[in-house]
Amino acid sequence: MTAGTEREHDAGFPIGLTFAAAIGLAILIGLGVWQVQRLHWKEGLLARIHALRAAPAVALGPVLARAKAGEDVDYTRVSANCPDIETAPFVKLWSVPGEGAGFRIITACRLTGAPYTSILVDRGFMLQDDAAKLVPGQGARLAGPITGVLRRGDRPNAFTPPNQLAQNLWYSRDIPAMARFLGVAAPAPVFLMLESPAPKGFGPAPAPLPAEIPNNHLQYAVTWFGLAAALAGVYLASLWRRRQG
C-alpha cells in the first residue's frame with residue numbers, strides 16, 4: 001500500500017466512531033424526551049393537587065363507579081361512612097418521611113351501594129415507637145362520615161423489600177394482599193387517604209398529600225439534551241480533523 005493510499009484510508013469515513021456516536025445520541029436524546037414527558041406529567045399532577053385544595057368532597061360510591069369504568073380518579077376528594085376504622089384491625093406500611101422512620105396505618109372500610117365491597121383507608125403516619133403501642137380497639141366508632149383523597153399508591157421497584165405478612169410489616173401497597181390480611185373482599189383499586197376526622201386521642205396523624213413534590217424534570221431534560229449536543233460537537237470535530245489530516 002502506497003503512502004497516498006494509506007492517507008486516503010486513514011481519512012476515510014469512520015464507521016465505528018459513527019456507530020458509537022449514533023448510539024450515544026439516541027440514548028441521550030431519548031432520556032431528554034423522557035424527561036420532557038415527565039415534566040408534562042408532573043405539571044398536570046401539581047395542577048390537580050392545587051385544584052384539590054379547594055375541591056369539596058363528593059360521595060365515594062359514584063366515584064368508584066367511574067373508577068371501575070376505567071376513569072382516573074386519582075386525587076379526588078370523597079366522603080364515606082366508615083365508622084369502624086379506628087377500632088378495626090390494621091396493617092403497618094413502612095414509611096420514612098421527614099420527621100423520621102415509622103408506619104402508615106391502613107385499615108379496611110366495608111362499603112354498601114358501591115361497585116366494590118371495601119376500600120383500604122390510610123389513616124396517616126405514626127413514628128415507629130408510637131406505632132408499636134397502637135392496638136385495634138383503642139379508638140371509638142365514628143358517628144359521621146370521613147373525608148379523604150383517593151390515591152393509587154406507589155408501585156414497588158427492584159429495591160423494595162418483600163412484605164412480611166407474619167410480622168404485619170409491609171413495604172409496598174399491595175391492595176389484594178392487604179385486603180385478604182384484613183379479612184375483606186373485592187377491594188377498590190385505590191386507597192382512601194384520610195383527611196378528617198383526626199383521632200381525638202392517641203393515633204396516627206392524617207397525611208393525605210405529600211408535603212412537597214419536586215419538579216426538576218426541565219433541568220434534567222436540559223442536561224440530557226446538552227450532553228447530546230456536546231457529543232454531536234465532539235463527533236463533528238473529529239470528522240473535521242480527519243478530513244484536515
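In the hairpin formed by β3 and β4, six residues lie between the two strands, and G100 takes a positive phi near 130°. Helices and strands are named here as DSSP runs numbered from the N terminus, a helix being H or I over at least four residues and a strand being E over at least two. The model is a predicted one, in which local features need pLDDT of at least 70 and side-chain atom pairs count only at pLDDT 80 or more, while totals for chains, interfaces and linings use all residues. Residues are numbered from 1 along each chain as its sequence is written, and side-chain values use heavy atoms, with hydrogens and water left out.

As a reminder, strands of a sheet pair through backbone hydrogen bonds, either parallel or antiparallel. Five of the six residues of β3 are buried, so the strand is largely enclosed by the rest of the structure. Buried means under 20% relative accessible area, exposed means over 50%, and partly exposed is in between (1.4 Å probe, protein chains only).

These strands belong to an open sheet of eight strands with mixed pairing, in the order β1-β2-β6-β8-β5-β4-β3-β7. Strands β1 (58–59) and β7 (169–170) stand at the edges with a single partner strand each, so one side of each has no neighbour in the sheet. Helix α5 (residues 175–182) lies across β3, β4, β5 (118–127), β7 and β8 (187–196), and runs at about 75° to β8. Such angles run from 0 to 180 degrees between N-to-C directions, with axes as lines fitted to C-alpha atoms, for helices over the stretch in contact; contact itself means heavy atoms within 4.5 Å.

Now to the aromatic side chains. The structure holds two aromatic pairs. In the pair of W94 and F103, the ring centres are 5.3 Å apart and the planes stand at 75°, so the arrangement is edge-to-face. Rings of Phe, Tyr and Trp (its six-membered ring) pair if their centres lie within 6.5 Å, with planes under 30 degrees apart counted as stacked, over 60 as edge-to-face and the rest as tilted. W94 is partly exposed at 31% relative accessibility, whereas F103 is buried at 6%. The rings of W170 and F181 are likewise edge-to-face, because their planes are at 85°, with the centres 5.8 Å apart. Since W170 lies in strand β7 and F181 in helix α5, this pair ties together parts that are 11 residues apart in sequence. W170 is buried, at 0% relative accessibility, and F181 is partly exposed, with a relative accessible area of 36%.

Charged side chains meet rings as well. The charged end of K92 sits over the ring of F103, 5.1 Å from its centre, and R173 lies over the face of F191, at 4.7 Å from the ring centre. A charge sits over a ring if NZ of Lys or CZ of Arg is within 6 Å of the ring centre and within 35 degrees of the ring normal.

Leaving aside residues up to four places away in sequence, S118 touches C109, R110, L111, V184, A185, A186, P187 and A188. D122 is also found in β5, and its relative accessible area of 1% makes it buried. With the sequence limit of up to four places again applied, the residues touched by D122 include R104, R173 and L194.

Y75, in the loop between α3 (60–68) and β2 (77–80), has a phi near 65°, a positive value in a residue other than glycine. A186 has a positive phi of about 45° although it is not a glycine, and its place is in the loop between α5 and β8. The peptide bond from S196 to P197 is cis, with omega near 0°, and P197 lies in the loop between β8 and α6 (217–244).

Technical notes: Two strands pair if DSSP finds at least two bridges between them.
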